[in-house]
Amino acid sequence: MVAQPFTVDLNKPLVFQVGHLGEAYNEWVHQPIVSKEGPRFFANSFLEFLTRTKWWVIPTIWLPIVCWFVSKSVQMGLTPRQAALALAGGVFIWTLMEYSLHRFFFHMKTTSYWGNTLHYLIHGCHHKHPMDGLRLVFPPAATAILCVPLWILFKLFTTPSVTPALFGGGLLGYIMYDITHYYLHHGKPSKGISHRLKRYHLNHHFRVQNKGFGITSPLWDTLFGTFLP
């Protein structure tokens, strides 16, 4: 007797269902459902609450922290100009991290139960429900966890006075990324750079999902051969 393929019930919490798709998960998750109504992730209301974040929470929480880090570098001896350069350097480093995370981590292929489940939580849910406005930006608690290895990395390769401003720049780059990403999905630019970025990103969602990994810029797509024409 041939086993029937698993079918996800969209009327029930999704997170602990998607793992059962196995090898069929990758195809399922890249067939978008275009609706502003977000699915339910968990039966538990507290866990469900933790998955939902309004866009304005990101700059409200993280911008003051960026300013604090830059001020620490100045207090430790950097001139304002040097701190500004370190800040800009951090933003630039973030653009490469943004591309790398999106290409190699967010778009990793998974087939196991927990692999599928983790991928859905991190990025798969966004491709399945690209207009879910409460799951477009990263929850602050998750961002704080990911900041730890970034801080350690910057601390290993830079001087003590440069590290805070450089890290603040990386954090500022992340803020710009998350806000830009939200705008590209829910804003309505009619011309200019924002219109081109929106068209570029939506082509990634609805035309060629294995290219066009840059959100704030197609720079690294151009350099690494994943530019989406």
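The following legends describe close-up views of a predicted model.

Local features need pLDDT of at least 70 and side-chain atom pairs count only at pLDDT 80 or more, while totals for chains, interfaces and linings use all residues. Residues are numbered from 1 along each chain as its sequence is written, and side-chain values use heavy atoms, with hydrogens and water left out.

**View 1. Packing of helices H8 and H9.** Helix H8 (residues 162-186) packs against helix H9 (residues 192-206) at an angle of about 80 degrees, and their axes are 9 Å apart. Helices are DSSP runs (H or I, at least four residues), numbered from the N terminus. Axes are lines fitted to C-alpha atoms over the stretch in contact, with angles from 0 to 180 degrees between N-to-C directions. H8 and H9 are therefore roughly perpendicular (65 to 115 degrees).

**View 2. Residues at the contact of H8 with H9.** From H8, His181, Tyr183, Leu184, His185 and His186 meet Ser194, Leu197, Lys198, His201, Leu202 and His205 of H9; contact means heavy atoms within 4.5 Å. By class, this contact has four nonpolar, six polar and one charged residues. Nonpolar covers Ala, Val, Leu, Ile, Met, Phe, Trp, Tyr, Cys and Pro; charged covers Asp, Glu, Lys and Arg; the others, Gly among them, are polar.

**View 3. Surroundings of His119.** His119 lies in helix H6 and is buried, with a relative accessible area of 3% (buried means under 20%, by a 1.4 Å probe on protein chains only). Leaving aside neighbours within four places in sequence, His119 is in contact with Tyr25, Phe105, Phe106, His107, Met108, Thr110 and Gly124.

Conventions
Helices (H or I, at least four residues) and strands (E, at least two) are DSSP runs, numbered from the N terminus. Angles under 35 degrees count as roughly parallel, over 145 as roughly antiparallel, 65 to 115 as roughly perpendicular and the rest as oblique. Buried means under 20% relative accessible area, exposed over 50%, partly exposed in between (1.4 Å probe, protein chains only).
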